[in-house]
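Thank you all for making time this morning.

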Amino acid sequence: MNFDYNEEQQLLSDSVRRFLGKDYDFEARRKIVASDAGWSPAAWKTFAELGLTGLPFASEHGGFGGGAVDLMGVMEAFGEALVVEPYLPTLMGGLAVARSPLAGSILPGVVEGKTKLAFAHAEKGARYDLAAVTTRARKAGEDWTIEGEKAAVIGAPMADKLVLSARTGDGVALFVTENLNCKAYRTLDEMRACDLVFKGERAQRLEGGLALVEELADFAAALVCAEAVGAMKFACDATLEYLKTRRQFGVPIGTFQALQHRMVDMFIAQEQARSMACLACSKVDQTGERKERARAVSAAKIKIADSARHISQESVQLHGGMGMSEELKISHTFRRLTVMAGQFGDADHHLARFAAF
């Protein structure tokens, strides 16, 4: 399997990295996180100008018709920079809308960067079970009304519209509605989220049900794997640089063979994780059977969770006590990797899922 990007994918990845390196360094990110909004409209506008918000959508809506493999380089760059903008939630919501007659009225705004979406599916006590949906939808004329709650919806505080799942008389279905007023909070990895309570809000039904939810979750999980690889790359590079500059007993600590071995183990874990992320993204893009896609995504998530734990813990330990300080980016990378290890299913969940197939 060829793990190299093609020319267009590499050019896009390089463009994103240049922008993030210039205008989204760690200090700029700290100011964004500390702001009331918790995200940067200026950065989002640049994402749209670079074509990132339209990458996976059809050309008829202004997009480029790309897939998860085309997004890998973008997500790796986002992982390195620890981007906090609601990019993945918007893609998930947009891909749910893309199969509906409403696509023509919503997706052009998404592609242009004018409309942000959030995907509300998880509920309290669900424990990664996608079928555990208690939110109800009832027919109300041409529209539907929604009753229920959604938990920890990433990107909901800044979303213009919500795509959510709810149970109807014929099973789980997807709907789109206007955003609610909700109390935002900051997650462990400094994203903005909120819990949503629906009390009869009107919504429009989309095409697709539980099978589409699972497909979108696998798509998002594969991209999270790619994002985690980017975060791991930063952790490895930053730790190696620290070992070269930190001196003890008159020499750089990187000359100690024991630390060299630990550093090598980190790079091996990163490369293994990248290989599995490539496999997951390629399988998500293929129109094959559900079993093959599910096994590839679950296998990647298992490996990513293991590598994320190993690399994040080693990077902090090799930095010493300062590795946990708020002023050092490595501590924020530790948090992001910890969250991504469990995002869209932790290792235990995906081990059980892999075995079930």
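This is a predicted model: local features need pLDDT of at least 70, side-chain atom pairs count only at pLDDT 80 or more; totals for chains, interfaces and linings use all residues.

**Strands, domains and salt bridges**

Let me begin with strand β6 (residues 185-186), which pairs with β7 in the antiparallel sense over two bridges; here two strands pair if DSSP finds at least two bridges between them, and strands (E, at least two residues) and helices (H or I, at least four residues) are DSSP runs, numbered from the N terminus. Residues are numbered from 1 along each chain as its sequence is written, and side-chain values use heavy atoms, with hydrogens and water left out.

Which other strands pair with β7? Strand β3 (residues 143-154) pairs with strand β7 (residues 192-209) in the antiparallel sense over nine bridges, and strand β5 (residues 171-178) is joined to β7, also antiparallel, by three bridges. To place some of these bridges, W144 is partnered with A203 in β7, E147 with K199 in β7, and F175 with R205 in β7.

Strand β3 has a further partner, because strand β2 (residues 136-140) meets the rule of at least two bridges by pairing with β3 in the antiparallel sense over five bridges. In that pairing K139 stands opposite W144 in β3, and in the hairpin of β2 and β3, which has two residues between the strands, G141 takes a positive phi near 70°.

Now let us step back to the domains. The protein is divided into domain 1 (7-112), domain 2 (117-208) and domain 3 (212-356), with bounds that come from an automatic or database domain assignment. The centres of domain 2 and domain 3, taken over C-alpha atoms, are separated by 29 Å, and their contact (heavy atoms within 4.5 Å) takes twelve residues from domain 2 and 16 residues from domain 3.

How much area do domain 2 and domain 3 bury between them? The value is about 1,200 Å², 68% of it on carbon and sulfur atoms, where buried area is the accessible area (1.4 Å probe) that two parts lose on being put together, summed over both. On the side of domain 2, Y128, L188 and D189 lose the most area to domain 3, together 49% of what that side buries.

Finally, charge. Side chains of opposite charge can pair when their charged atoms come close. A salt bridge here is a side-chain nitrogen of Lys or Arg within 4 Å of a carboxyl oxygen of Asp or Glu, and by that rule the whole structure has 28 salt bridges, with three found across the interface of domain 2 and domain 3. R127 forms a salt bridge with D346, the closest N and O atoms being 4.0 Å apart.

Another salt bridge joins E215 and R99, whose closest N and O atoms are 2.4 Å apart. This pair links distant parts of the chain, 116 residues apart, with E215 in helix α7 (residues 210-245) and R99 in the loop between α5 (87-97) and α6 (103-111).
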